Amino acid sequence: MEYFRLMRPYQWIKNLLVLLPAFFAGNLFFSNELFWRVLIAMLTFSLLASAVYIFNDFIDAEHDRLHQYKRNRPLAKGTVSKISAGILGAALAITALALSWFWVPVILPLLGLYIVLSVLYSLFFKRIIVLDILIVSSFYLIRILAGGWSAKVPVSEWLILCTIFLA
């Protein structure tokens with residue numbers, strides 16, 4: 001159960017954004033192949049996001065122990081070891097990239113960008129308010145673009161603008 005909590009599945013709802021371009025294009029439910037490609041892209045982002053959350057918790061474990069809410073996270077609490085968390089995070093990232101490689105390779109550059117920005121965010125940028133906001137909002141935009149690329153549909157300017165402003 002602690003490993004599951006470490007993955008933060010309640011955060012996966014953000015990955016529903018991957019479905020939006022195909023939904024708004026009216027294609028999501030009319031092609032079995034497209035539906036599965038977009039669904040796998042969404043799963044890929046869910047697994048990769050969990051790997052990123054684990055990496056962030058790994059980096060912040062000492063600091064999180066002092067926080068009123070974050071101290072209950074499995075790494076900060078000590079109910080999951082850093083070694084186990086590292087193995088789980090690596091396994092999730094490898095699984096996500098392998099899924100993408102075989103089913104939706106077109107989104108691999110976006111996954112790479114997501115990983116790089118996430119690592120930079122965890123290590124440096126979350127302490128700089130403007131960069132914190134810009135990078136976190138870019139994560140939503142990356143999901144929208146991945147949805148469009150995986151569905152092979154153009155992403156409307158309106159969807160991009162709405163995503164940026166809502167993020």
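A salt bridge is a side-chain nitrogen of Lys or Arg within 4 Å of a carboxyl oxygen of Asp or Glu. The close-up views below are taken from a predicted model.

**View A. A salt bridge between Asp57 and Arg8.** The side chains of Asp57 and Arg8 meet with N and O 2.3 Å apart. This pair links distant parts of the chain, since Asp57 belongs to helix H3 whereas Arg8 sits in the loop between helices H1 and H2, 49 residues apart. Asp57 counts as buried because its relative accessibility is 2%, under 20%. Arg8, at 7%, is likewise buried.

View B. Arg37 and Glu33 form a salt bridge with an N to O distance of 2.8 Å. Both residues lie in helix H3, 4 residues apart, which is about one turn of the helix. Arg37 is buried at 12% relative accessibility, whereas Glu33 is exposed at 56%.

**View C. The salt bridge of Glu62 and Arg65.** The closest N and O atoms of Glu62 and Arg65 are 2.5 Å apart. Glu62 is exposed, with a relative accessible area of 54%, and Arg65 is partly exposed, at 35%.

**View D. Packing of helices H3 and H5.** H3 and H5 (residues 82–103) pack at an angle of about 155°, and their axes are 8 Å apart. Because angles over 145 degrees count as roughly antiparallel, the two helices are described as such. H3 passes H5 in a left-handed crossing.

**View E. A nonpolar surface patch.** Phe58, Ile59, Val119, Leu123 and Phe124 together give this patch about 380 Å² of accessible area. Helices H3 and H6 each contribute two or more residues to the patch. Phe58 lies in H3 and is partly exposed, at 31%.

Terms used
Residues are numbered from 1 along each chain as its sequence is written. This is a predicted model: local features need pLDDT of at least 70, side-chain atom pairs count only at pLDDT 80 or more; totals for chains, interfaces and linings use all residues. Side-chain values use heavy atoms; hydrogens and water are left out. Patches are made of residues with over 30% relative accessible area and no salt bridge: like charges are joined within 9 Å, nonpolar side chains (Val, Leu, Ile, Met, Phe, Trp, Tyr) within 5 Å. Accessible areas come from the Shrake-Rupley method with a 1.4 Å probe; for residues, only the protein chains shown count as cover. Buried means under 20% relative accessible area, exposed over 50%, partly exposed in between (1.4 Å probe, protein chains only). Axes are lines fitted to C-alpha atoms, for helices over the stretch in contact, and angles run from 0 to 180 degrees between N-to-C directions. Angles under 35 degrees count as roughly parallel, over 145 as roughly antiparallel, 65 to 115 as roughly perpendicular and the rest as oblique. A crossing is left-handed if the near helix is turned anticlockwise from the far one by less than a right angle, and right-handed if clockwise.
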